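Please look over the structure below before reading on. The points that follow are meant to be checked against it one at a time.

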Amino acid sequence: MYAAAGFSGPEDLATLSQMDETILLEVLSRRFQRDQIYTYIGDILVAINPFKYLPLFEKSESEKYKSCSKDSLPPHIFAVANRAFQSMLGRLATGRNNQCIVISGESGAGKTESTKLLLRQIMELCKGNSQLERQVLQVNPLLEAFGNAQTVMNDNSSRFGKYIQLRFHGTTVRSAKLNEYLLEKSRVVHQDEGEKNFHIFYYMFAGISAANQEVYGLLEPEFYRYLNHKYGSDETIQRWNKKYHEVCNALDMVGFHEQEQVDMMTILAGILSLGNILFEPQDTGILKVTDQSKGWLKAAGGQFGVEQEELLKCLICTMAVTRGESIQRYHTKQQAEDARDSIAKVAYGRVFGWIVSKINQLLAAKEAMDIDELREIGILDIFGFENFAVNRYEQMCINLANEQLQYFFNHHIFLMQQNEYKQEEIEWKTITFKDNKSILDLFLAKPLGLFSLLDEQSAFPQATDKTFVEKLNGSFKGNPHYKIGRSHNLVFTVVHYAGKVQYNASGFLEKNRDTIPASIRGLFIHSVTPLLSVLFTATVSRTGTLMAHQRPRNAQRTEDSFNSTRKQSVGAQFRHSLAVLMEKMFSANPHFIRCVKPNNNKLSDQLDSKVFMDQLRYNGLLETTRIRKDGYSWRPFFEEFVKRYGILLITPNVPLTKESCLAILQTTGLNDWKSGKSRLFFKYWHQDQLAKCIEKLEKAALIIQKYYKRFHCQSKYKVLLAELQHQQQLELERQIEERRQIELEQEMERKRLEMEWKNERPVTPPVPLPRKKKPLPRPRSVAVDKFHKAVQPPVPKPRSKLTE
């Protein structure tokens, strides 16, 4: 159908004139072959993992999708980021509300990479140059190192779920918060064939210098049982070395102190050393560590900052107090190994929880702000649906989370819409879809849901995994979503929305209890490694979040507080955290990204039709396309619509009525919309068309403002200029008047002085007039020779000595 040269199919599947599974598969396949990995279904984005780097992710592409309309550029995840950002600011039809972006899909479908691209684009849109915005971008590399691992389906699989909340004041990020869900701690002590431990263990060996390895007490990675005595090729080690330095930079950027980083690596080294401690019975029946393990026990004690004898005592026996008397119960070899692995899992889980808690402290708002002024964009990146050869407790929790997300998707896309069509009496032909509410009830119903029965069995000390499976078989016999296992193994099958999954119940009760030896708490609280003491002093919230606080003076009080919080099972914490997550998501405006992987072999440019079609079916993409094509995804109430678009009538005080809505719509030229009893019904593209009407009006308003401001400024300038000229004239006249006044005063002063001078001058005889004739010369005889001395009188002679 779409085999024409150069044509790869429409960018929006909702525009297809004919629609079935074959056509959907053909269109998406052709687009994938041309590296067009993004396709719209109305306002929903389908993203196919290309398993390679594409030019689509470059900076130049990011610039194109800033403030663009949906139909002006090809489909892209950057367009989803822009749409959520503009909606959060109130620039689109939804108004100024909180937004959430839900990324779903199988493991290996590309959810983690999509999350990073979304975060990067949102930071670009808000022009993120502040330290907080740079720190937000550094969160993902840090969490990937400690929370991701290689699985058979994905080389960088998230082994935990996260919901990132970005809180904005205007266009600026003011704070951020990270919510983490169900870290797969069992991976620390066991990995199936073809899988690896968490990334950070491999990065650590590749990046730490030889001198620091000696400081931490690390040997070659092939020695460690928790790493399956395996490492990697030279090329892989070089990549891990680079990743380790990226993690160190992220730790510095986010704000972790140097001592905290050292303590963290020391604890990780201690966890690895702990895994190499093996036990053997003595003649007395009491366990001891093997000769080969004594060095590992000493190393683990030193790395944890505790005495090795005390650590060994916690591993091989349990202290019980009965009627005031302390009784030691020695473990079997299996119990000691379980205690060892439990300590390793809890210690790693505490490190991860502390990292998340520390990130949230550093990304919190630095100043108090009115919560009504803040708006939020949330990004959900949670583990994909999993179905392995052996599925354990973690896979059951992961698949429950995916069932919850599928229900959220169905509720928004199908259930809520079609119920509103009935209530508003809109003519509509019902579209059927796979409603998974009954599967959620199988897991979550009280008191007979699967998790309720698991908690009930976990509370009984004598209960076993076998009694738990027997309880399930008896309670759910005849349930269409539950199948009893036929083998003698402890297995049962659940028919999920994505297919049947068989679960191996071995270890279910222990993992749900998540207990560690009671004495290990007190031992680690008093550790000389500061961070380890902080981790085991902390308490745990109802959702499993670590809440660190200062080390109290009374250690016993701390242990009691710790024990009280640990009475809640892992399953109960997970269910409560999912309920909180759903509450946040239902209160926000959702944007959906459906990630799909083209094949199970992680190969680029290859599409396996069966694998691809299975995902299209259980994701309900055909039904989604139909409801986006024929349905009305945007359904505002009359009051909401008038408040948002009443400005299009260009009249003040528009009444919030249906008549006002109809008058507004007559000015826009929209068609194919419907009016119900209390709300309007629009197609997904109507939002963009109304946004263009508002944009057109805004441009017109800007032009009017521009000319008005020009006229106003010119008028004001003329008035100011006339006033200035008048003031200058007045100033000139004042200066002339002042000059005249000064001259007058000077003249009067001169006259006054002249009068004073006349009045004060003494009377003198009249001056004779000059002679008119030249006087005659005197005779010479009478003339005095001025050159001769005058005649002097005679001088008396001096007395003689005799006379004296």
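This is a predicted model: local features need pLDDT of at least 70, side-chain atom pairs count only at pLDDT 80 or more; totals for chains, interfaces and linings use all residues.

1. Residues are numbered from 1 along each chain as its sequence is written, and side-chain values use heavy atoms, with hydrogens and water left out.

2. Helix H13 (residues 393-423) packs with helix H14 (residues 437-444) at an angle of about 140°, their axes being 10 Å apart; helices here are DSSP runs (H or I) of at least four residues, numbered from the N terminus, and axes are lines fitted to C-alpha atoms over the stretch in contact, with angles from 0 to 180 degrees between N-to-C directions.

3. Threonine 112 belongs to helix H4 (residues 111-125) and is buried, with a relative accessible area of 9%, where buried means under 20% with a 1.4 Å probe and protein chains only. Among the residues in contact with threonine 112, leaving aside neighbours within four places in sequence, are Glu144, Asn156 and Asp381, contact meaning heavy atoms within 4.5 Å.

4. Arginine 575, in helix H21 (residues 570-586), also counts as buried, at 16% relative accessibility. Residues up to four places away in sequence not counted, arginine 575 touches Leu444, Lys446, Phe451, Ser452 and Asp455.

Conventions: Helices (H or I, at least four residues) and strands (E, at least two) are DSSP runs, numbered from the N terminus. Buried means under 20% relative accessible area, exposed over 50%, partly exposed in between (1.4 Å probe, protein chains only).
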